[in-house]
Amino acid sequence: MARLIRTEKEVEGRYEEVWLVVEEDSLDQWPPGPREIVGRPAPRLDGHERARGEAVYTADLKLPGMLHAAMLRCPYAHARVARIDLAPALAQPGVHAAIGPGDIEQLAEECGFEGAPVAAVCADTFAQARAAVAAIDVEWEELEAVLDPHEAVARGLTIGEPRVKERGDYERGLAEADVVVEGEYRTQVVLHNPLETHQAVVRWLGDTLEVYISTQFIWGVRDEVAEKLGLPRDKVRVVCHYMGGGFGAKGGADDHTFVAAELARRTRRPVKCSLTRREENLVSGNRNATIQRLTIGARADGKLTALGGEYVNAVGWDGWSSPTEGPMNLLYACPNVRTTTVGARINQPPMKAFRAPGFVEGTFGLESLLDVLAAKLGIDPLELRRLNHADHDADQGREFSGKNLLECYRRAEPHWERRHEVRARSTAAVKRGVGMASQIWYGGGGPPSYAWVRIGSDGRATVVTAMQDIGTGTRTAMAMIAAEELGIPLEDVTVSLGDSARGPFASISAGSSTTPSMGPAVRAAAADARRQVDEIAEQLGKRGAPAREVVSVLEDAQILGKGARGPNPTGMQVLTFGVQVAEVAVDVETGEVWVERIAAVHDVGRVINPLGASSQIEGGIVQGLGHTLSEHRLHDPASGRILTQTLDTYKLPTIADVPEIVSELVDEPDSHLTNLGSKGLGEPPIVPVAAAIANAIRDATGAEVHSLPIDRAEMLRALREAEARERARETHGAAARV
Amino acid sequence: MELRRASSRDERVDGGALVLAGGTELVPLLRSGLVHADELVDIRGVVPRGISDGAIGAAATLAELECDPQVPEALREACRLAASPQLRNAGTLGGNLLQATRCWYWRLGWACRLHGGAECFARDGEHREHAIFANGFCASAHPSDVAAALLALDATLLTNRRSLPVAELYRLPTEDDRRTTTLAPGELILEVRVPECDRSTYLKAMGRKRWAFPLVGVAGARVGGEVRVALAGVAPVPWLLEDGFESATPLPDNAYKLDVARALVARVRTALA
């Protein structure tokens, strides 16, 4: 029976209360361990077509009569359009239409960051459109740019309400501490850089708007476009069959879609609006910089007595203030915690969610400082983490639906044990060491999400749901779940997804939620179909016969199953956990850091496809490696203009930078969570990377890095500081002996 | 834009025409609007490409040089550590010597001194990858690994007009003349002559393991007891380290380069000893 509930919906640490109609989730979970199909490695169903270039991405689309759009963007960090004349653009060859400030709300006269869209042109070719944009006659009035986050906060330029979280008595906790450590940590701006830049092709068909878009949320785009354009939601069709990566930045329709829609309306032609790589690196979102002032107090036995954090998120001109304080509030059992978080509004391009927003940054600070504490207490870092293991969520006062972090720690032991052997391989110039960091993050998904399963008389099944596979392999995971439940071979299942006109509502692919949101719905739909097959078998006197044999009598008749995602467990906190152990080598003369090995052990409930899961872990670690060592979006300190717009200056890791990666999953179903017990794995692997590497560097050299990325300048600075500390200690020691 | 194949080494290349070889530098510059051309003249047919007796054709690709045993170690390593395999398959020796700085201000078209403007934005701005020598007028860093190697190897260039030591190909930009090379219009580098040396090597510090321009590149070549050391990524031109680091003038955010350079120079000297 459909049930109306008031429930909390969480995406990437942001909660909202919503009314939901949910269906009972009456299926029992499968027993733990690999099944016939689920839990066994399966190559991606669409691997070959993607490798052969047959898969059609939004970037590949060429609709008949399609025009190309280009945008005029603000070249200053803060400016106002004093005067603009689109006529010269309209006079250019091939141009069909031009729009400017006021024509749509996305094009505005005041621009709070470099790259803010001001006008747009569409033409027969992209080159013509760009040339026409260059011909626009525009005069700018440059305005004062606020770039320093502290200054912005002091001037009241903030985004969102400052968050204060306090439990226990922080001051008393500090007073009770035998040891107090403090540190300031900074993280940089990094960019998503998906292989496929943000883009959309928009076409009007009568009163229906078709939006082909590279997106993480088909239904979100549908609703946003319908609302802003005043259309009935079902008159907007959103399509994304294949997607070239999003990492959090493709959750909304964005300016380019509305530009394309307006130009398509004016020209009555399909219009494509694709961001260039430079535009992508300028305006499509970023992981914002943070400043973290952290304090940890502990008793001599290692028990934490106080955790304090003052966090500043340098949000940019727009966006939201991500939960940088999350790990401090959730990761450890500590009775006294106080965090304050403020989002600074500065004249920089807006942030967007980026793979575990806030937690990646917050984990770097917290877990780095925890190792400083471990050294001060003389307690093994792994032991210190065990000592302070949280058995419930003290922040929200909830039980965890499932938590196997201690098991992750246990499985990390052999990797942690390697540190003696690794250190022993140090030379005078190259020091080696091992570090670890814990991971905590969301990833439970939630309702609503729906799926249908259709079985024909040939015994083949099709899963129909309007979800998107953003490149993570969820298409394959859904087929595996359906095949498992139906008891048919994986190759007999097709997944139809990526089109809001062809299938029911499906979850956003963000917050590590696709598998935990969609998987249970697909299983429920398959079970519904399976029940009907069993009923037919009963009537045929073929009880227990294979589904293929049973349905062979159907001719054109079909079995149609439907399923919905059930609710999350009431009053429980659903989180993912893990630990990573990094091995590094540091050239103490040149400041070069090599990461030689990372072992990752994560707990995300039941694993659907171990091959897909290891691929997610590797991808997360590689992206984390870039965040830790080489990626840095730079701006000119005087003007605020962005300097790293191309991939020669913005240094993503290459395959030569990638270490040996050993991945392991606890693979224990979360017994409270849905009919699968599965959580998401998109984000967890990136969370602890930076801290594990920083701690390994500390283990190798004694140097404490405080800023990301750990480039040569930061590494050499930390080494000099460590040397000075060592010298001071020796001098002090010598003085004391005298 | 027209593309034309050159039929002789002395073919007129003037007006709005530019010379094209591998295209790995010119094409991005054209695309980003930093240079303009009505016509491209493909010179690959008229510039030598082979390697023999210490003479290397300027049209040889970096990929060809990195694995040829006739090529001195410093040059081979400089090629091997440059760019990516795809770029090295296309990019030529001559073109590599003539590449422009990677200074982000210059590449984004800011009206800086190198573009004829009145200001070096990097000096007071973001200069962590910029020059630590001769950076008073313009703090751009020369990105060529190959040029540093050839400078250490004391190579000579043969053009269609003259023969010159590689050091004389380069000039520091000045108020009156913002160019960083001495090549005349229509002048083509045809050949690079590398004298014999006892040993040579090239070490490179990058912002990641591969496919990055040098933060600091150090080439060294030993002839008898003499070691010539030249650096990439530390000055607006390839830098011959004549009087050590005395003359270095690092900026607030690139002093680390001095540490890196000292360490790599010491290693190069040790390796060549």
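In the predicted model, strand β1 of chain B (residues 2-5) is paired with strand β3 of chain B (residues 39-42) through four bridges, and the sense of the pairing is parallel. Within this pair, B:Leu3 has B:Leu40 of β3(B) as its bridge partner. Strand β3(B) also pairs with strand β2 of chain B (residues 17-20), again in the parallel sense and over four bridges. Helix α1 of chain B (residues 26-31) forms a right-handed β-α-β unit together with β2(B) and β3(B).

In chain A, an open sheet is built from five strands, ordered β9-β17-β16-β15-β10, with mixed pairing. Its edges are formed by β9 (163-167) and β10 (179-187) of chain A, each of which pairs on one side only. On average, and with direction ignored, neighbouring strands of the sheet are turned by 5° against each other.

A:Val179 stands opposite A:Ala298 of β15(A). Helix α10 of chain A (residues 359-377) packs on the sheet, where β10 and β15 of chain A are touched by the helix. The direction of α10(A) makes an angle of about 150° with that of β10(A).

Methods: Residues numbered from 1 in each chain as written. Chains lettered and ligands numbered in written order. Predicted model: local features only at pLDDT ≥ 70, side-chain atom pairs only at ≥ 80, totals over all residues. Pairing = 2+ DSSP bridges. Helix = DSSP H or I, 4+ residues; strand = E, 2+ residues; numbered from the N terminus. Right-handed = clockwise from strand over helix to strand, strands pointing away. Axes fitted to C-alpha atoms, helices over the stretch in contact; angles between N-to-C directions. Contact = placed C-beta atoms within 7 Å.
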